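Work through these exercises with the structure open beside you. Try each task before you read its solution.

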Amino acid sequence: MSAGGLNLTLHVWRQSGPNKAGKIVDYPATNISPEMSFLEMLDTVNEGLITSGQEPIAFDHDCREGICGSCGVMINGAAHGPMKQTTACQLHMRTFNNGDEIWIEPWRAQAFPVIKDLVVDRGAFDRIIQAGGFISAPTGSPQDANSLPISKLDADEAMDAAACIGCGACVAACPNASASLFTAAKITHLGHLPQGQPERYRRALKMVTQMDLESFGGCTLFGECQEACPKGISIDTIVQMNRDYIVAAANEREEKAEMGAG
Amino acid sequence: MGRLGKFWDSSVGKKIVMGATGVILVGFLIIHMAGNLQLFLGAERFNAYSKLLKHDIIELTWIVRLTLLVSVVFHAVAAYQLTMRNKAARPEPYAKRVPQVSTYASQTMRYGGVYLLLFIVYHIGHFTTGTFHPAYSEVGTFGNVMVGFSTWPIVLFYLGAMGFLSLHLYHGIWAAFRTLGLARPSGDPLKRQIALVLAIVVAGGFSLVPLAVKLGLVH
Ligand code: HEM
Ligand code: SF4
Ligand code: FES
């Protein structure tokens, strides 16, 4: 064993497939370089498992640079691990000490069923987006930026909310498994921009309705989501979602168009 | 389903009902607490206040009572239904989950709420209807309070309720502004000074009465 390598004990959730019973299995992770990312550490452990003829630990990942939102797991009881505003792929092993025990579990929510080991199905998020997280008016090719003035404050709030990568850490960290932060980020993002105005209230109504249909919990404002979010999305977005929802519910009316709509 | 039904059925709508009814209850508590402190001004003044509420403006008193009853019922039913929904949203628990920022207050809203519900029932039976009071007098409210707080178990039950109330308010007042969409964006949305001050003032103000009576500071 070379100097400086970490020797760790992993407690990993293993589950062979959807709806199968799973359990925590212990693995040693030896001679782990502090320079490795958390996922590289898992790769190393998996190489060992494959070499010895065992099934590798399945985990989700894609960009490995903190922008795609694929990689979330619970690490020692915190979504994406102990480092603030950092995805699991950007978490480095220097955060840990030699001899540490590390608990690694999938996101837990009724709406995020486990597919295998640490991989969960986040299709519920896609369906919330499909319910209204878009702008349907065809806007053509981009106009000159100055032809559509947007105040700095609105632009900032929209951009901050747009940073959401859909990783699901907010759901995972929430004691209620609520998707409020994710849904609110999308509603805030589009609701602050002129292009988002025509559908602003209908969007709030439809996305909240879908969020409930997916059996996520409600918001108690524990604040855990904001703390877990790798992109620093603020619970202020939830204030915005609720405000838009109130206006939407107060003004809701039937869609009357019988033909020619769109 | 009608619009109101849809609103009540949604997790956001139900939470908004909780926030709105919670604010009504907080408003009442502030006035109720200030009224109670008149006990320190003597028996005559306190009984006169009681007569005002129970006789002179009894119609208004009934309007307030009904508003509070409706508020508590909606608040508690929404709390129960949301709690059930939230539990169902995570059927499989984590082997290890470490809360990062949730306050003790936010984690005890449900237990505190149940305690407060029991307390409200007991409290009305104690001083309003006299059902649970050993020597209730319709006109001697000051005496009712003196006798009512003459034993430690009852004083402690009241103080326990005020402990839970302070926690409930510390989280609830801060949360309600957010649930109702009223809070402005902030650099540190978890900060909550107004809620802290109100929680201490309201729960502390209420607690003075049973404490002072039991310790023999009121004559
Ligand atoms: C009747 C007994 C009560 C029960 C069962 C109860 C229960 C609860 C629960 C469980 C919550 C958190 C809900 C959630 O976010 O999941 C809550 C919030 C709240 N409660 Fe109560 N509570 C009770 C009485 C009161 C009283 C007497 C007051 C008035 C001082 C009050 C004021 C509030 C406020 C302001 C909130 C915050 C609502 C929000 O987050 O927007 N509650 N209550
Ligand atoms: S709000 Fe944050 S934690 Fe939730 S899905 Fe988006 S990036 Fe992930
Ligand atoms: S793998 Fe893309 S955010 Fe981590």
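This is a predicted model: local features need pLDDT of at least 70, side-chain atom pairs count only at pLDDT 80 or more; totals for chains, interfaces and linings use all residues.

## Exercise 1: Two domains in one chain

Step 1. Find the bounds. Domain 1 of chain A covers 6-115, and domain 2 of chain A covers 122-136 + 149-251.

Step 2. Find the residues that touch. Domain 1 of chain A brings 20 residues to the contact, and domain 2 of chain A brings 21 residues.

Step 3. Take the area. The two domains of chain A bury about 1,500 Å² between them. Carbon and sulfur atoms carry 60% of it. On the side of domain 1 of chain A, Q85(A), A111(A) and F112(A) give 32% of the area buried against domain 2 of chain A, more than any other three residues.

Step 4. Look for charged pairs. There are 2 salt bridges between domain 1 of chain A and domain 2 of chain A. K84(A) and E227(A) form a salt bridge through their side chains, at 2.9 Å from N to O. The cut-off for a salt bridge is 4 Å, so this pair qualifies.

Step 5. Between domain 1 of chain A and domain 2 of chain A, 6 residue pairs are in polar contact, both at pLDDT 80 or more. The side of domain 1 of chain A that touches domain 2 of chain A has 8 nonpolar, 9 polar and 3 charged residues.

## Exercise 2: Chain against chain

Task: Describe the interface of chain B and chain A by area, salt bridges and polar contacts.

Solution. 

Step 1. Count each side. Chain B gives 44 residues to the contact and chain A gives 49 residues.

Step 2. Take the area. Chain B and chain A bury about 3,800 Å² between them, with 52% of it on carbon and sulfur atoms.

Step 3. Check the pairs. The interface of chain B and chain A has 2 salt bridges. In a salt bridge between D212(A) and R85(B), the closest N and O atoms are 3.3 Å apart. Polar contacts join 27 residue pairs across the interface of chain B and chain A, both residues at pLDDT 80 or more.

Step 4. Helices α1 (3-9), α2 (11-36), α4 (58-88), α5 (104-107) and α8 (152-179) of chain B each give at least two residues to the side that touches chain A. By class, that side of chain B holds 20 nonpolar, 12 polar and 12 charged residues.

## Exercise 3: Two ligands

Solution. 

Step 1. Ligand 1 sits between chains A and B. Of the 22 residues around ligand 1, the nearest are T220(A), K15(B), H75(B), H168(B) and T179(B).

Step 2. Read the distances. An N or O atom in the side chain of T220(A) is 2.9 Å from an oxygen atom of ligand 1. The side chain of K15(B) also has an N or O atom 2.9 Å from an oxygen atom of ligand 1. H168(B) places a polar side-chain atom 2.7 Å from a nitrogen atom of ligand 1.

Step 3. Find the main contributor. α2(B) gives the most to the shell around ligand 1, with 7 residues.

Step 4. Turn to ligand 2. C164(A), C167(A), G168(A), C170(A) and C229(A) come nearest, out of 13 residues around ligand 2. The shell around ligand 2 has 11 nonpolar, 2 polar and no charged residues.

Methods:
Residues are numbered from 1 along each chain as its sequence is written. Chains are lettered from A and ligands numbered from 1 in the order in which they are written. Side-chain values use heavy atoms; hydrogens and water are left out. Domain bounds come from an automatic or database domain assignment. Contact means heavy atoms within 4.5 Å. Buried area is the accessible area (1.4 Å probe) that two parts lose on being put together, summed over both. A polar contact is a pair of N or O atoms within 3.5 Å; within protein, one must be able to donate a hydrogen and the other to accept it, and residues adjacent in sequence count only if both atoms are side-chain atoms. Ala, Val, Leu, Ile, Met, Phe, Trp, Tyr, Cys and Pro count as nonpolar, Asp, Glu, Lys and Arg as charged, and the others, Gly among them, as polar. Helices (H or I, at least four residues) and strands (E, at least two) are DSSP runs, numbered from the N terminus. A residue is near a molecule or strand if one of its heavy atoms lies within 4 Å of it.
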